[in-house]
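Please have the sequence and the model open while I go through them.

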Amino acid sequence: MRILIGFLTIALMAGVLGCSTDLDTEPTNILPESAVFTDKALAESVLANFYASVNYGQNNGDYGSYHLLDEANLSYGPATTTDAEKIIPRDLFQAYDYGLVRRMNQFLVGIRSNAARSALLESDRSNMEAQCIFLRAWYHFCMARSYGGMPILGDTVFTYESGIDPERFQVARSTEAGIYDYVIAQCDLAATGLTSAKTTNGGVANKWAALLLKARAAVYAASIANYGNKLTPALHTQNWEAGIPADQAAKYYQLALQTAEQVITQSPYALQINEANLGDSFYKATSVKAGNTEVIWALDRLRPNVVTQFTNFTMPYSHRDFTDGNALGVVLNLVEAFENKDGSNPAIKTANADGSYVFYNSVEDPFSKKDARLWGTVIYPNAPYRQSPVILQAGQVNKSGNAYVLRTSSAGGRDAQGNLITSINGPVANSDNFVNKTGFLIRKFVDETPNAGLNPLFSEMWWPRLRIAEAYLIAAEAAFELGDKAKAVTYLNATRKRGGIQPLTVEKITFDHIVNEYRVEFAFEDHRLWDLKRWRLAHKLWNGIPNDPTAQMYSLFPYKVVAQGDQNDGKWIFTKQVSFKMAPNPRNFPLMSYYAAIQPDWRAKNPKLVNNPLQ
Amino acid sequence: MAIRSIFKAIFVLLLITVLLPGCSTEIDNWDYPRSIVSGRFVYKGQPMQLMSTASDATGSNMLQLHQTGGDWIQGFVKVFAKEDGTFTVNAFDGDYYLTLTPGRGPWQPNMDTVRFSLNGEKRDLAFEVTPYFWISDFKDSFADSTLTATFKLEQIVASAELERIVVELGTTAIVDNLSKAYEKSFTTITPGTNTVTLNLKELSVVEKANLQRTGHLFARIGVKTAGVSDMIYSETVKLQ
């Protein structure tokens, strides 16, 4: 009982003390808004939070995000048939965060307040305001590529107080053209306040980021208007919340071309090409911060707080810094998309017409004649990583009588003479972990820095979101669609040059060249899904048919000939087979996946929202 | 603090733990719905074979159950259908309508609804659809590891374009586009009576291994219309 009385006494005392004004002090753990927007460091910390909130889509903070498309497959465990693997889901990488929009609008109110204007340097203040406008435009862009048109709230900060009619919070969806127009206008607005100088590691958005996003939004809108009506005419809503009328295509293509050319000619960025070592210079263009002339805007990482384990998980297991490796295997489909320097058929020949093996003198032969960007994107057998070769060997080819037979072992196994049979890196076609399953590893974004895979510091690899090469491809695409093939060829050859492949001519260029150029230039950079969606090619390439050349993922296994006295001893053969992990699931993109679903509970709260097509 | 007062404190806490749940009301403890809605998809009164919704890979089902009246604004019950086109769902009593999910099903899109009042049970609802193609007179034989299937293919919707016919094999009784172990496509088939054959001996080692998982083998024929995600199927047969 005594204890209860004690509690009561304490409660009573607290109640009495509560009447004293001594407790009405400023809280020490909460910053009032007035303090935030009068202090540059505090305002920047709010902005930093916005930068950290807009990581949408495939990215090198999550190697698993590469698994579902046609670039790479996971290597851990047995082949699986999850729902997402069977059908590319319509909600893949969707971005929906109106809480963020509200916080951004609160920030804009604060940073535009008189208190902020009097306390901060005008150049700092207007730059921060413009950064927030840019990030809000980026968010709307990332939302639009999944949903099409969505409610545009402008600068309004919606705040509910009791008694307010909630109907004024219910904003209808804009048209799809309308949301791209909004992104374009906001990029223009942001560009006036942003710096035109390069920022450290591209970590902070500048004018060129805003203009390149504008060009990207314009070319997305243009291609949806163009190909949406040609290839998927039924895929729009009655009032064009999804889909853009065909007659708007030319306008957007012109805007895209004009803006991309502005970025190319006026910005301080340039394509990074070192003629002496094209492959290495392409790797450096995407994955090395020092001396980079190419990346405009990136998620920059800095130890110890912002790091990625991408290198730890995906680096060659033979070269591992820590406990993991080989988590991601690049598929043959992507490797074969890289053209050959001599212009010959880029498919890698594994068998002759009579079914016999094709023998290569070196395991690198099929790859070293390809676009040099392959070296900078993929680790192929015997290509170096951190200056030492990565051995990818599925097994040996031995002679049995007159026939060649394949021989495999457990990873790292050797024959009686001590010759390697199957490499510790694989590739293998079984459910073991830490061995490759496709014959190729990823190089792009895998850190060359020693110990970049080591716990707890890991890698400071950045995530480039916008780089100058895209301006060239947007310009090429828009010029091509507008009928100016000469210009398209010029811009396309600018990026093709970095691979050392044959320049295109006005007579030869086709739309497929542009599609493929995006694929090889921007592999693993969160372009593929969105590009195939806006060109309305996704359901054609990823048609779900087993063994279809674009839907089924393939692997390429190298075997070394170990047969003393045979004329082919020491040579290499390759076998092509379906990618182990994705074998049961040819890529399948149903029409409904072009637009993400408007959720029923959003419609319950806001009946003005209309459903997307096929929903 | 003395040991005794600790015991007292624990006793008080225990008392609270025991007494608090007694305060809850019955309002959040609804019984699950017991009324039954059932029916099947039909074309001119004939039942049809569909993809079973054993997998929810598309995130949507072919049929939606909407409740009307009262405060219902949005939202619906996803109705799972079996491979023979039948569906059963439990719901609360009330007024409902059934409608197709746009973009799903091997039939012409339509916004028709089947309206009914549910009171206890509502059985044998027929949801009438117009498929693009129709499979009938399906016969199969399986001998010497070779499947021979004969069927009649009819084009129902004149504007539809036939993309391919598939023979799908699976190791369970549920065989469809998303739950299959092997598929072979035929692209040269035209409407009329057709025969397709599939020699399992010609399969690759991996494919054979995939088909031997359970020791049972089932087959089904599917018709894919160009630009339509779902297929219409023949009935599933066991190969033995």
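The open sheet in chain A has four strands in the order β8-β7-β11-β12, with mixed pairing. This is a predicted model, in which local features need pLDDT of at least 70 and side-chain atom pairs count only at pLDDT 80 or more, while totals for chains, interfaces and linings use all residues. Residues are numbered from 1 along each chain as its sequence is written, with chains lettered from A and ligands numbered from 1 in the order in which they are written.

On terms: helices (H or I, at least four residues) and strands (E, at least two) are DSSP runs, numbered from the N terminus. Two strands pair if DSSP finds at least two bridges between them.

At the edges of the sheet sit β8 (403–407) and β12 (572–578) of chain A, each pairing on one side only. Direction ignored, neighbouring strands are turned by 35 degrees against each other on average. Axes here are lines fitted to C-alpha atoms, for helices over the stretch in contact, and angles run from 0 to 180 degrees between N-to-C directions.

How many bridges join β11 to β12 in chain A? Seven, and the two strands run antiparallel, β11 covering residues 554–561. Within that pairing, A:Ser555 has A:Gln577 of β12(A) as its bridge partner.

Now the helices. In chain A, α17 (residues 485–496) packs against α18 (residues 511–521) at an angle of about 30 degrees, the axes being 11 Å apart. So α17(A) is roughly parallel to α18(A), a label for angles under 35 degrees, with over 145 roughly antiparallel, 65 to 115 roughly perpendicular and the rest oblique.
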